[in-house]
Amino acid sequence: RFLSDYHTSVQTNRERLLDVFRDTSVMLWNGTKITGVAAIVALINSLPVCTTRTASVDVQVLRSDGTTETIAITNSGSISFGESNPRCYTESLVVER
């Protein structure tokens, strides 16, 4: 569910992403390290409108201590920005909940 909500927010309601990231969050975008909520959301806001189609998802628990879980989500599919042709993508997320 997280992945679906995340992609929906990127596609239609990017301001909602302010609630997803933390000041300690790190994003690697094409090899460039972006740190913090403001910088990550600014990067995403600078991108054209996109559409993603997820083809596969793998979720693994990395750590669980009874109160929080850290999970790794790897997914792949296709993404298109604006009117561009779809391109294949692979995305990996580490999420704490």
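Trainee: Ser25 first: does it count as buried or exposed?

Mentor: Ser25 counts as buried, because its relative accessibility is 16%. Buried means under 20% relative accessible area, exposed over 50%, and partly exposed in between, with a 1.4 Å probe and protein chains only. This is a predicted model, so local features need pLDDT of at least 70 and side-chain atom pairs count only at pLDDT 80 or more, while totals for chains, interfaces and linings use all residues. Residues are numbered from 1 along each chain as its sequence is written, and side-chain values use heavy atoms, with hydrogens and water left out.

Trainee: What's the mean pLDDT of the chain?

Mentor: The mean pLDDT of the protein chain is 92, and 100% of its residues reach 70 or more. pLDDT is the predictor's confidence in each residue, from 0 to 100.

Trainee: Which elements have the lowest and highest mean pLDDT?

Mentor: Helix α1, residues 2-12, has the lowest at 89, and strand β2, residues 32-35, has the highest at 96. Helices (H or I, at least four residues) and strands (E, at least two) are DSSP runs, numbered from the N terminus.

Trainee: Back to Ser25. Where does it lie, and what is it in contact with?

Mentor: Ser25 lies in the loop between α1 and β1, the latter being residues 26-29. Leaving aside neighbours within four places in sequence, Ser25 is in contact with Ile34, Thr35, Gly36 and Ile40. Contact means heavy atoms within 4.5 Å.

Trainee: Which backbone nitrogen lies 2.7 Å from a polar atom of its side chain?

Mentor: That of Arg22. For polar contacts, the criterion is a pair of N or O atoms within 3.5 Å; within protein, one must be able to donate a hydrogen and the other to accept it, and residues adjacent in sequence count only if both atoms are side-chain atoms.

Trainee: Arg22 again, then. Which side chain is joined to it by a polar contact of 3.4 Å?

Mentor: The side chain of Glu96. Glu96 lies in strand β5 and is partly exposed, because its relative accessible area is 38%. A polar contact of 3.2 Å also joins the side chains of Glu96 and Arg63.

Trainee: How far apart are Glu96 and Ser64?

Mentor: They are 32 residues apart in sequence and 9.6 Å apart in space, C-alpha to C-alpha. Asn45 and Ser64 are 19 residues apart in sequence, with 33 Å between their C-alpha atoms. Asn45 lies in helix α2, residues 37-46.

Trainee: And Arg63, what joins its side chain to that of Asp65?

Mentor: A polar contact of 3.5 Å. Asp65 lies in the loop between β3 and β4, and a polar atom of the Asp65 side chain lies 3.0 Å from the backbone nitrogen of Thr67. At a relative accessible area of 46%, Asp65 is partly exposed.

Trainee: Changing topic: how much space lies in the largest pocket?

Mentor: About 1,100 Å³. On a 1 Å grid over the protein atoms alone, a cavity is a set of points where a 1.4 Å probe fits but cannot get out, whereas a pocket is an open set with protein on both sides within 12 Å along at least five of seven lines; lining residues have an atom within 4 Å of a point. Grid points are joined across faces, edges and corners, and a volume is the space filled by probe spheres set on the points.

Trainee: What lines the largest pocket?

Mentor: It is lined by 32 residues, of which Tyr6, Met27, Glu91, Ser92 and Leu93 lie nearest its centre. Elements giving two or more residues to the lining are α1, β1, β3 (50-64), β4 (69-81) and β5 (87-96). The largest share, eight residues, comes from β5.

Trainee: How does the lining divide by residue type?

Mentor: Into 19 nonpolar, nine polar and four charged residues. Ala, Val, Leu, Ile, Met, Phe, Trp, Tyr, Cys and Pro count as nonpolar, Asp, Glu, Lys and Arg as charged, and the others, Gly among them, as polar.

Trainee: Last one: what about the phi of Asn30?

Mentor: Asn30 has a positive phi of about 50° although it is not a glycine. Asn30 is in the loop between β1 and β2 and counts as exposed at 72% relative accessibility.
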